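Work through these exercises with the sequence and the 3D structure open. Try each task before reading its solution.

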Amino acid sequence: MINKVYLGIDIGGTAAKFGLVDENGNILHKDEFSVSFDGYETPILKTVLEKTEYFVASSGLDFREISGIGVSATGQIDSEKGEVIGSAGHIKNWVGSKIKESFEKKYSVKTIVINDANSAALGEKWIGAGIGHKNIVAITIGTGVGGGIIVDDKILLGKRGLAGEIGHIVIHGDGESCSCGNVGCLERYASTTALVRSVSKLQKENPTAFPKDFEENINGRKIFDALNENSLLKQAVDKWVDDISLGIISLVHIFNPEQVIIGGGVSTRKEFIEALSKKVHEKVMPRFAEGLEIVPAKLGNDAGLIGAIYYLKENKKNI
Ligand SMILES: [Zn+2]
């Protein structure tokens with residue numbers, strides 16, 4: 001018999017992942033549901049509340065057997081109120097969602113809410129790549145660039161829980177426009193989307209330099225697979241890694257972490273992590289480089305819901 005079971009929910013822009021998690025972070029049962037099936041006409045929160053009931057029933061448990069609910073959610077999350085207070089993208093009917101209040105009212109189970117990138121950082125610290133580390137900068141590289149910063153074992157939340165928006169630090173002051181309204185943000189250069197964009201541009205300019213089938217669905221995997229045979233691709237990836245390193249170098253100088261964890265699909269590419277690590281180590285001041293590890297994340301898509309349970313357990317006394 002397991003002592004305590006928690007419900008972890010990771011709400012993204014397309015799907016919500018559900019998991020029953022034990023006290024050690026093991027996922028006992030999990031499932032996933034779309035939240036974007038009707039273009040958000042049904043508010044995400046309404047979908048998630050309904051699916052929660054279904055998920056718990058399908059796992060054979062009663063809400064009285066659940067010791068707490070940890071929600072990891074996309075957007076700007078006020079962790080104290082457990083509310084969505086902003087979003088860099090445009091998801092209809094999402095900003096203003098009172099997640100904590102709705103869950104506690106409907107299910108009478110203590111609920112915490114934390115931003116998904118911050119939650120993923122905590123998940124990695126608990127049972128992933130960051131075990132045993134107290135000062136971590138976690139960066140997820142995908143369609144955007146997300147981040148979470150752990151200082152002396154605690155996630156840095158800032159005044160309202162918004163801290164860690166690494167994707168919107170400015171690395172090129174006269175650069176490209178960003179969805180946040182600013183220009184030159186790290187996300188515009190360091191996301192996988194940015195890499196794909198720059199490779200597409202190169203291909204249009206030099207069509208004969210690429211294999212014929214390359215144009216269809218360019219993605220990170222395709223780029224890395226063809227990297228060694230194509231010098232133009234090498235240049236594009238090198239520039240991209242340079243831009244990622246610019247963000248990391250600033251973060252290392254501000255937070256003096258012992259570890260930088262890189263998440264997202266591209267983090268599984270050993271050559272990428274090695275090239276990035278080399279650039280960062282070369283450019284940070286020597287004392288900051290001592291013992292600094294740059295490593296891939298370990299938990300993949302489960303990091304968010306696992307991290308939410310860690311945050312719940314750590315903060316139980318406060319809720
Ligand atoms: Zn931005």
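**Exercise 1. Where is threonine 74 found?** Then classify its accessibility and list its contacts.

*Solution.* Start with the conventions. The model is predicted, so local features need pLDDT of at least 70, side-chain atom pairs count only at pLDDT 80 or more, and totals for chains, interfaces and linings use all residues. Residues are numbered from 1 along each chain as its sequence is written, and side-chain values use heavy atoms, with hydrogens and water left out.

Step 1. Threonine 74 is in the loop between strand 4 and strand 5 (76-78). Helices (H or I, at least four residues) and strands (E, at least two) are DSSP runs, numbered from the N terminus.

Step 2. Threonine 74 has a relative accessible area of 19%, so it is buried. The classes are buried under 20%, exposed over 50% and partly exposed in between, with a 1.4 Å probe and protein chains only.

Step 3. Leave out residues up to four places away in sequence. Threonine 74 then touches Ile11, Gly12, Gly13, Ile91, Trp94 and Asp116. Contact means heavy atoms within 4.5 Å.

**Exercise 2. Give the strand order of the open sheet of five strands.** Then trace its pairings and the helices on it.

*Solution.* Step 1. The order is 3-2-1-4-7, with mixed pairing. Two strands pair if DSSP finds at least two bridges between them.

Step 1. Find the edges. Strand 3 (27-34) and strand 7 (111-115) each have a single partner strand, so one side of each lacks a neighbour in the sheet. From one strand to the next, the twist averages 15°. Axes are lines fitted to C-alpha atoms, for helices over the stretch in contact; angles run from 0 to 180 degrees between N-to-C directions.

Step 2. Take the pairs. Strand 1 (residues 5-11) and strand 2 (residues 15-22) are antiparallel over seven bridges. Leucine 7 faces leucine 20 of strand 2 across this pairing. Strand 2 also pairs with strand 3 in the antiparallel sense, over seven bridges. There, lysine 17 has glutamate 32 in strand 3 as its bridge partner.

Step 3. Look at the turn. Strands 2 and 3 form a hairpin with four residues between them, and glycine 25 in the turn has a positive phi of about 90°.

Step 4. Helix 3 (residues 116-127) lies across strand 1, strand 2, strand 4 (66-73) and strand 7, at about 100° to strand 7. Helix 10 (residues 303-314) also packs on the sheet, touching strand 1, strand 2, strand 3, strand 4 and strand 7. Its direction makes about 130° with that of strand 1.

**Exercise 3. Which residues coordinate the zinc ion?** Then give the geometry and the spacing.

*Solution.* Step 1. The donors are His168 (ND1), Cys178 (SG), Cys180 (SG) and Cys185 (SG), at 2.0 to 2.3 Å. Donors are N, O and S atoms within 2.8 Å of the metal (3.2 Å for Na, K and Ca); water is not among the atoms, so sites may look incomplete.

Step 1. The angles among the four donor atoms are 105 to 120°, and the site is tetrahedral. Four donors count as tetrahedral if all angles lie between 85 and 135 degrees.

Step 2. The sequence spacing is H-x9-C-x1-C-x4-C.

Step 3. Cysteine 178 is buried at 10% relative accessible area, whereas cysteine 180 is partly exposed at 39%.

**Exercise 4. Which residues touch the most other members of the largest nonpolar core?** Then locate the core.

*Solution.* Step 1. Trp240 and Phe272 do, in a core of 43 residues. A nonpolar core is a set of buried Ala, Val, Leu, Ile, Met, Phe, Trp, Tyr and Cys residues joined through side-chain atoms within 4.5 Å.

Step 1. Elements giving two or more residues include strand 8 (136-141), helix 7 (231-255) and helix 8 (270-283). Helix 7 gives the largest share, eleven residues.

Step 2. Leave aside neighbours within four places in sequence. Phenylalanine 272 is then in contact with Ile141, Phe224, Trp240, Val241, Ile244, Ile262, Val266 and Ser267.

Step 3. Apart from this core lies another, of 30 residues, among them Val5, Leu20, Ile44 and Ile69.

**Exercise 5. Is serine 191 buried or exposed?** Then place it.

*Solution.* Step 1. Serine 191 has a relative accessible area of 2%, so it is buried.

Step 1. Serine 191 is in the loop between helix 4 (186-190) and helix 5 (192-205). Its contacts include Ile141, Leu186 and Trp240.

Note on methods:
Four donors count as tetrahedral if all angles lie between 85 and 135 degrees; four count as square planar and six as octahedral if opposite donors are over 155 degrees apart and all others between 65 and 115; anything else is irregular.
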